[in-house]
Amino acid sequence: MQKKVFVQGLILAAVLILPLLLNYMGHPFYLDLATRLCILAIAAVGLNLILGYGGMISFGHAAYLGLGAYAVGIPAHHWLYGGMDVIATTNGFVQFGLALLVSGIFALLTGLICLKVKGVYFIMITMAFAQMVYYLFISIAEYGGDDGLVIDTRSEFPLVNFDNSTQLFTICAVSLFFVMWLVWRISKSQFGMVLAGIKGNEQRMIAMGYNTFVYKLAAYVISGMICGFSGALLGNFTTFISPEMIDWARSGELMFMVILGGVATTFGPILGAITFIILEEVLSTITIYWHLPFGLLLIGVVMFVKGGLSALIPKVGDKE
Amino acid sequence: MTVLLSVSQLHKSYGGVRATDDLNLDVQTGELHAVIGPNGAGKTTLISQLSGNVFPDSGTISFDGNDITHMMEHARPHLGIARTYQITSLINSMSVIGNLQLAIQAKQGHSFKFWKPYADNKDVRTAAYDCAARVDLGSRAEIQVANLSHGEQRRLEVAMALASDARLLLLDEPLAGLGPEEASDMISLLETLKGQQTIVLIEHDMDAVFTLADRISVMVYGHIIATGYPDHIRQNQDVQHAYLGED
């Protein structure tokens, strides 16, 4: 157990320190890569709350990334070009607050419907809602439609400057650690145990007197808000947002990270995100068909490594 | 004696099958009321309607004077109704204690407590250990449910209902699948519960039923054809004809 914690700490330290070091040595590319990694890992941690701990397989979580990103992009757009004075701003607190609010409300409204069904139907409905958001943004010409929207001015906060890539990375990394800690606390709380109970045997939980629907809904909303937050960071990072980031394939990639890393573990999502980013980077330089070995890896891990990559950590540590 | 649970003119059909057909039943406070009947008589369907998992087509169910016919399943335990399942239904991924903690906590208000670590809940933990000890699972408390023997799972199934401190226990074949020794353990357990809580017991084991029950109702084709003390049921012509055979 000690070794496991040690190895996990080592990986977290590497994610935080290595990119900064490489950047200092004149390789800013790795800082960018690590920033993207942290942002996607935050979304994966958020998805893990319902997919892993709650057993609700959402195939539409990219929608929250998109909503979060547009919650930054749309106010910035109006701030520059006028119109919609109520939300026209580059103030980061307003933009991030808006991202959390919009993703929370979207999760609440869609959750009320999605969570009435289970299994395959749940997967399909979450995906359908995400596609609705996708087509919504495609159809709004004002925000670029299909072509997307350029964020000219990043979110403005006191003390930190998002235009500075080192600072942006540090914020993303710290946010990731914070969100991991948050979800870990939730998973160990009474609410977390109820969620685990629902995943294990929902019918029994109802018979014991739990109104399982509201607990699932609460988890769904928290999960959506975490992904919305991740989306707001993503918008600031890429400074270009488009409906493509809401596409169902993006939702699939988030699922990929969670499942590859290990569902219902604190460390799984970040491990999955690291693997995803590194493989995407390495494999795509070798072949444009990089999704193929990617898929094979997922099949291999799911079939032969019970508990995902994070289950391998103690084994790695035990070898001496 | 006051009536705790009263069922009147209950009907439930699945397609053309009348699973519950004009069923009337009164269960008095403190009694152990056994419901017997041949396979397919609709006993489990009755339990499901009492616990709220299935809603009747017509008729009323009242508990302690309140009409609960249309009350949601998750609300009924808060009135003091708990059930067990004929086919064991536990949270297999958790330990014995984990299961019992959830059962105890279910009645202590909401569980929207996101922050405080679950393990810090000492009172609930202690209560869960006490409950495990009651069904002789004290030494197995930390074992994951999936790794328990069938007999142990059956005992935990009953303990889950006990943990909630219910006023009315609906026990659906607690002896199902148990070997002779395990069955006699279970019967002694049920004997200790007798008188403390009101119990509706569905059971196929006639020896157990006639040992334990204060009163017995006999159910055939979704209808209760006779209710009475064990001696009366044993001698009832209709019952013998319909169910007990010619012995």
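**Figure 1. Helices and strands of chain A in the predicted model.** Chain A of this predicted model contains 12 helices and 2 strands, where helices (H or I, at least four residues) and strands (E, at least two) are DSSP runs numbered from the N terminus. Read from the N terminus, the order of these elements is α-α-α-α-α-β-α-α-α-β-α-α-α-α. The radius of gyration of chain A is 19 Å, close to the 20 Å that the globule rule gives for 320 residues, so chain A is as compact as a globular protein of that length. This radius is taken over C-alpha atoms, and the globule rule is 2.2 Å times the number of residues to the power 0.38. Along the principal axes, the C-alpha atoms of chain A fill a box of roughly 55 × 50 × 40 Å. Of its 320 residues, 48% count as buried; a residue is buried if 20 or more other C-beta atoms lie within 10 Å of its own, exposed if 12 or fewer, and partly exposed in between, with C-beta atoms placed from the backbone. Among contacts in chain A with a separation of 6 or more, 77% involve residues 24 or more positions apart, a contact being two residues whose C-beta atoms, placed from the backbone, lie within 7 Å.

Residues are numbered from 1 along each chain as its sequence is written, while chains are lettered from A and ligands numbered from 1 in the order in which they are written. In this predicted model, local features need pLDDT of at least 70 and side-chain atom pairs count only at pLDDT 80 or more, whereas totals for chains, interfaces and linings use all residues.

**Figure 2. Helix α3 of chain A.** Helix α3(A), residues 62–81, has 20 residues and reaches 27 Å from its first C-alpha to its last, close to the 28 Å expected at 1.5 Å a residue; the expected span is 1.5 Å times one less than the number of residues. At A:Tyr70 the helix bends by about 25 degrees, the bend being the angle between axes fitted to the seven residues ending there and the seven starting there. Because 16 of the 20 residues of α3(A) are buried, the helix is largely enclosed by the rest of the structure. Just after α3(A), A:Gly82 takes a positive phi of about 85 degrees.

**Figure 3. The loop residue A:Leu159.** A:Leu159 is found in the loop between β1 (149–150) and α6 (165–188) of chain A. Its phi is near 75 degrees, a positive value in a residue other than glycine. A:Leu159 has 5 C-beta neighbours inside 10 Å and therefore counts as exposed.

Figure 4. Chain B has 8 helices and 10 strands, and 42% of its 247 residues count as buried. Its radius of gyration of 18 Å agrees with the value near 18 Å for a compact globule with 247 residues. B:Gln9 lies in strand β1 (residues 3–14) of chain B, and its phi is near 50 degrees, a positive value in a residue other than glycine. With 12 other C-beta atoms within 10 Å, B:Gln9 is exposed.

**Figure 5. The contact between chains A and B.** In this view, 27 residues of chain B are in contact with 22 residues of chain A. Helix α2 (residues 96–105) of chain B supplies the largest share of the side of chain B that touches chain A, 3 residues. The predictor gives the complex an ipTM of 0.91 and a pTM of 0.91.
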